[in-house]
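Subject: Structure handover

Dear colleague,

I am passing this structure on to you.

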Amino acid sequence: MSEKIAKHVSELLKQGKIEAFIGLKEQQGSKHIIPHIYTDGDNLDGFYTGFNEGADAKRYPLVKTLFHISKRYPEARLGILARGCDERGLKELYKWNQLNTEQVVTVGLACSKELAEFCECYKPYPDEFVEGEKVPGVDSERVKKVSALEEPERLKFWLDKFSRCIKCYGCRNICPMCFCKECSLEEMEFIETGKIPPENPIFHLTRAVHMAGRCIDCGLCEEACPVDIPLRILYKKVNNIIMDHYSYRPGFGEEKSPLNILGSRPDENNS
Amino acid sequence: MAGLAAAFGSGAMTNSIAELEDTKCIFIIGSNTSEAHPLIATRILRAKEKGAKLIVADPRKIQIASYADCHVQQRLGSDVALINGMMNIILKEGWEDKEFISERTEGIDALREMVEKFTPEKVEAISGVKEQDLRKIAELYAKSEVSSIVYAMGITQHISGVDNVKSLANLAMMCGNMGKEGGGVNPLRGQNNVQGACDMGALPNVFPGYQKVGDEKVTEKFEKDWNVKLSRKPGLTITDMFPAIEEGRLKALYVLAENPMLSDPDLKHVKKALSALDLLIVQDLFLTETAQLAQVYLPGVSFAEKDGTFVNTERRVQRIRKVIEPLGESRSDLKIIQELSAKMGYPMEYEDPSQVQEEIARLTPSYGGITYSRIENDGLQWPCPNEDHPGTVYLHKDKFTRGLGLFHAVDYVPPDELPDEEYPLALTTGRIFAHFHTGTMTRKSSALNKEVEKGFLEINPKDANKLGILGGEKVKAISRRGEISIEVLLTERMDEGVVFLPFHFAESAANVITNPAFDPVAKIPEYKVCAVRIEKIDEKKEG
């Protein structure tokens, strides 16, 4: 079924609409799927086609990869395989002036029902897609369950999870929205160095506050966490709060986060 | 590993990492699991969430101890007494697995007689662990449906290291926690490929696959295949090498990826010995403290610059793949060894590491079925004797490698050096989360150096108060071997009377003061206990 995507990518490359495509690749003789940059429309050897198989679909931080490549090759037009979450990430990066829409061509992929349910994703498809079928968004049962805890239990739940942290920074490093040159988590004034768990709960709450109005709910942080901290619940929750108070959800619409204090670019005069 | 080999017939983690997730009780002793083996700690915490019991025995309040159903802080080097004390209670209460003992083991009577002496009163006197806690951990371990033991260097780096391991093997067999899913004795290996190095015979007394040097049939097999004459006599352990250098019996040393100028005890002594060599060759990623003393330095390569395999702690042989060409003048270890061998008159003609794997399979029964084509994806766990064998998830299923499991009646031997009037504090050493071993790699990382830049001495605030020392103050830590100056960190992690020193830092090297006394069998030094004195530095005098 995914012939469609390969064909589409091949045409984009051949017609010169993109110079490279960031996707996934199957390696010969191995079941391990790796991210790959395709540059030749006639050679898509190993182009991975199983991306909607089951809830453990192979996902990589492709948006973050694109972000790094675009910094190095600011003139290049890049294609990228984009699920709903990837698209939300791209939209936010455009808004925060970290990427230019001109640089990016998305090849959309709607996620399977299974994956949408695994992710509890509120929009498991990009605005336009080449492959897959639109399935309805899913409310987060996990958030409901934790929110329903009485406050002392809820506090205990989180302190207990946070105290497993080994300060590997995996959650930040994989996050497509963590593009700051200076990171509060590395400021010794905020977070004391030299010990694990890092200051509890300041380390994780600092990150959670920074995710408010910013997290696009791709869930890669939770998948990357080596100690099973349910970060996605936390960040879904902070975004629900932003939604309730400001009617704002990252990755939707054109307007910027209500928490954005950077203002507009000088060449924009809409504020 | 010698302890497990004596009890079971082979020395390696008996379970697999994933099994820890579904066991019913985990007993961690001498392993700072969440700092040193975080991914294994995650499995343990998952087990805990599924309702498993967690016992931690560690002199320090380590991170994972906060999740324990019971944490006991035994005195340094009192492990045999603690474990014998658990077995004393288990036998008295009849919690042992009588069927397992009679069908699968031998030697219980001598052990029974030994542990009878280890009454809770006696154990408390030696270890400081109270009877109610001892009883609790004995009960949790023995009465859970299946229990797994996890240990690391806190057990082995003692003059009684082998005895400590034998005691854990005794405990596991006594409760029938061997040869089944989730039940076993699991040494966590500290480096990504130390299991592989041991498996390949990088030990003085064995060929690959722990086939004994001196065994005529084995030695002949290797002689025939390699077309050389081989010695029937075991070589020297690292602990034996230093005296051999001093006695002039050892003149040249070729050190591969090891940094004894930081990792061996009593460094003053190590330096003297290495400097007395006619020739020191060091092959390493970087110009380490040891390499700086060498006449010849051979730059090796990192994991990303070579093809081959690593064998992890659960006996899993896994492929590593070259992603970049070796940098600068460095070469892969295989290439260096091949070229050196050729120059010395024995050409090795491997075009590819896969040919080495074929040779390993040909000569090593436990690796007989391991080929590159079979380990493309998830690797294989030895023993894997033939091409059709799926590999072995846990060891000793229906019988032990040696046939019957052997109980050892192990008596408690105190550490070589205990605190006294002159050196009143007990020192232990270990790893911290931000650095790895001698820091050859991690201390070159700016992010990790930002986390922890220099060494420190952990001390209980009450002890510091008695000495009139403040947190962050620079003090002298002095033992019979030497002294270092170091900043103190006041922490409740430490019990009174015990101090802790991470061993990663050359400028405040723990091994200037550690005790080189070693286990008589495994020859592993007692890094984990020595006696020290802490002195304030008189600023006026020091200027």
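Predicted model: local features only at pLDDT ≥ 70, side-chain atom pairs only at ≥ 80, totals over all residues.

Chain A

Chain A splits into two domains, domain 1 covering 3–119 and domain 2 covering 141–246. Their C-alpha centres are 27 Å apart. Where the two touch, domain 1 of chain A contributes 11 residues and domain 2 of chain A contributes 10 residues. On the domain 1 side, α2 (62–72) and α3 (84–95) of chain A each provide at least two residues. The most comes from α3(A), with 4 residues. By class, this side of domain 1 of chain A has 5 nonpolar, 2 polar and 4 charged residues.

Contact between the chains

Between the chains, 14 residues of chain A are in contact with 15 residues of chain B. On the chain B side, the elements giving two or more residues are α2 (33–36), α3 (38–49) and α18 (446–451) of chain B. Of these, α3(B) has the largest share, 5 residues. The chain B side is made up of 5 nonpolar, 5 polar and 5 charged residues.

Domains of chain B

Chain B is divided into domain 1 (2–188), domain 2 (194–381) and domain 3 (425–542). The C-alpha centres of domain 2 of chain B and domain 3 of chain B are separated by 31 Å. In the contact between them, 17 residues of domain 2 of chain B meet 17 residues of domain 3 of chain B. The side belonging to domain 2 of chain B draws at least two residues from each of α13 (238–246), α14 (260–263) and α15 (267–275) of chain B. Here α15(B) gives the most, with 3 residues. This side of domain 2 of chain B comprises 5 nonpolar, 6 polar and 6 charged residues.

Sheets of chain B

One open sheet in chain B has 3 strands in the order β9-β10-β11, paired in parallel. Its edges are β9 (252–256) and β11 (296–299) of chain B; each has a single partner strand, so one side of each has no neighbour in the sheet. From one strand to the next the twist averages 10 degrees. The parallel strands β9(B) and β10 (residues 279–284) of chain B are joined by 5 bridges, and B:Y254 has B:I281 in β10(B) as its bridge partner.

Another open sheet of 3 strands in chain B runs β12-β13-β14, with antiparallel pairing. The edge positions belong to β12 (308–311) and β14 (380–381) of chain B, and because each has a single partner strand, one side of each is left without a neighbour in the sheet. Strand β13 (residues 316–320) of chain B pairs antiparallel with β14(B) over 2 bridges. In that pairing, B:R316 is opposite B:Q381 of β14(B).

Helix α10 of chain B

After α10(B) comes B:G176, with a positive phi near 70 degrees.

Regards

How values were computed:
Residues numbered from 1 in each chain as written. Chains lettered and ligands numbered in written order. Pairing = 2+ DSSP bridges. Domains from an automatic or database assignment. Contact = placed C-beta atoms within 7 Å. Nonpolar A, V, L, I, M, F, W, Y, C, P; charged D, E, K, R; others polar. Axes fitted to C-alpha atoms, helices over the stretch in contact; angles between N-to-C directions.
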